[in-house]
Amino acid sequence: MKLASLKGGRDGRLVVVSRDLTHATHADDIAPTLQFALDNWERVAPKLATLADRVDRETTTVFRFREHDCASPLPRAFQWADGSAYVNHVELVRRARGADMPESFWTDPLIYQGGSDAFLGPRDAIPLGDEKYGLDLEGEVAVITDDVPIGVTAEAARRHIRLVMLVNDVTLRSLVQGEMSKGFGFYQSKPSSAFSPVAVTPDELGDAWDGAKLSLPLLTSINGAALGHPNAGVDMTFDFGQLIAHAARTRPLSAGTIIGSGTVSNRAADGGPGLPVAKGGVGYSCIAEQRTVEALLTGAPVTPFLKAGDVVRIEMLDKNRHTIFGAIEQSVESR
């Protein structure tokens, strides 16, 4: 089934959406919000699935579904923990700021705890205080869990994945190095993220989902020009089971925890950094990677970071070229 939260109140209003994202119905009688559904998943999910079937067959009252009316599926969450499962991305962005990459990064996942109290909607503008901050997008896949016990194994963690969605993990690149040099992690460099209009149960993904990875291209563009289409199932060093287990090693995770994959990133066939789309490669899911590769190829980065008026779009299509989650499409606005 496919679920969305319409804007209204702090936690939105849960709706069940048709598979083709054309129409929806309110789920108030079953679960007023997505967080309520996650807190009571075993009891609520079968009822939502029955309603989803009725929506697809149009045997219940429906209305036109508009992605512009959506908040992020969880407008706020108890926890947003973003991993960095694509170590190729980590290697490139660290190279860009002159930082070495320890060998342990290939065997021990990285996760940071992001701000989860005020997510942007999938069509909300990205506010930018100063273009010198180096505003970047980061296209990722994310999962939402139910309650996860402390010390869960990676295999068992897979069974706690309830929903899958996309995310734009907004980053202010020029602020990263200063914060990281203090040895205490991201804060000001990670403003509010935005998630796809729709979150879907894993069964909606068919054989593209293996229980821990989603093997489809993630399509990212800026002002209509393709930035990249790397496959989210390729070069994912740590799958979602491993990321969840890592996050729950010393503490339990509450229902409604969001775990991000980190920026989707593919290596080139020769094992080196992937090439830009313009040079026949699959491109990138963030500007920082493209700038790093430009510097390697030409001696200097060319692509600018985002500025006021730019529009970013992040989407994923199924094998029939139909949108799965709807699109994150955001303009950049000065504030």
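Select lysine 190 and glutamate 138 to begin: their side chains form a salt bridge, 3.0 Å from N to O. Helices (H or I, at least four residues) and strands (E, at least two) are DSSP runs, numbered from the N terminus.

The model on display is predicted: local features need pLDDT of at least 70, side-chain atom pairs count only at pLDDT 80 or more, and totals for chains, interfaces and linings use all residues. Residues are numbered from 1 along each chain as its sequence is written, and side-chain values use heavy atoms, with hydrogens and water left out.

Is lysine 190 buried or exposed? Lysine 190 counts as buried, at 12% relative accessibility; glutamate 138 is also buried, at 4%. Buried means under 20% relative accessible area, exposed over 50%, and partly exposed in between (1.4 Å probe, protein chains only).

Next, display phenylalanine 186. Lysine 190 lies over the face of this ring, at 5.1 Å from the ring centre; such a placement requires NZ of Lys or CZ of Arg within 6 Å of the ring centre and within 35 degrees of the ring normal.

The whole structure holds four aromatic pairs. Rings of Phe, Tyr and Trp (its six-membered ring) pair if their centres lie within 6.5 Å; planes under 30 degrees apart count as stacked, over 60 as edge-to-face and the rest as tilted. Tyrosine 112 belongs to strand S7 and phenylalanine 186 to the loop between H5 and S13, 74 residues apart. Tyrosine 112 is buried at 14% relative accessibility, whereas phenylalanine 186 is partly exposed at 26%.

Now select strand S7 (residues 111-114). Which residues make up its covered face? Tyr112 and Gly114 do, while Ile111 and Gln113 form the uncovered face. Strand S6 (residues 79-83) pairs with S7 in the antiparallel sense over four bridges; strands pair if DSSP finds at least two bridges between them. Within this pairing, glycine 83 stands opposite isoleucine 111.

**Helix H5**

Turn to H5 and colour its buried residues, Arg173, Val176 and Glu179. Seen down the axis of H5, they fall within an arc of 105°, so they line one face of the helix. The arc is taken from the directions from the helix axis to the C-beta atoms. An α-helix has 3.6 residues a turn, so residues three or four places apart point the same way. Glycine 183 follows H5 and has a positive phi, near 75°.

**Two further salt bridges**

A search of the whole structure finds 19 salt bridges. Select aspartate 207 and lysine 319, whose side chains meet in one of 3.0 Å, N to O. Aspartate 207 lies in the loop between strand S14 (199-200) and strand S15 (219-222), and lysine 319 in the loop between strand S18 (311-315) and strand S19 (328-334), 112 residues apart. Both partners are exposed.

Move to glutamate 315 and arginine 313, which form a salt bridge of 3.1 Å, N to O. Glutamate 315 is buried, with a relative accessible area of 13%, and arginine 313 is partly exposed at 27%. Elsewhere, salt bridges that share partners join Asp136, Glu138, Asp169, Arg173 and Lys190 into one network.

**Other aromatic rings**

Ring pairs also link Trp80, Phe119 and Phe195 into a cluster.

**Last stop: threonine 33**

Where is threonine 33 found? Threonine 33 is in the loop between strand S3 (23-26) and helix H1 (34-39), and counts as buried at 18% relative accessibility. The side chain of threonine 33 reaches the backbone nitrogen of phenylalanine 36 at 3.1 Å.

How values were computed: A salt bridge is a side-chain nitrogen of Lys or Arg within 4 Å of a carboxyl oxygen of Asp or Glu. A polar contact is a pair of N or O atoms within 3.5 Å; within protein, one must be able to donate a hydrogen and the other to accept it, and residues adjacent in sequence count only if both atoms are side-chain atoms.
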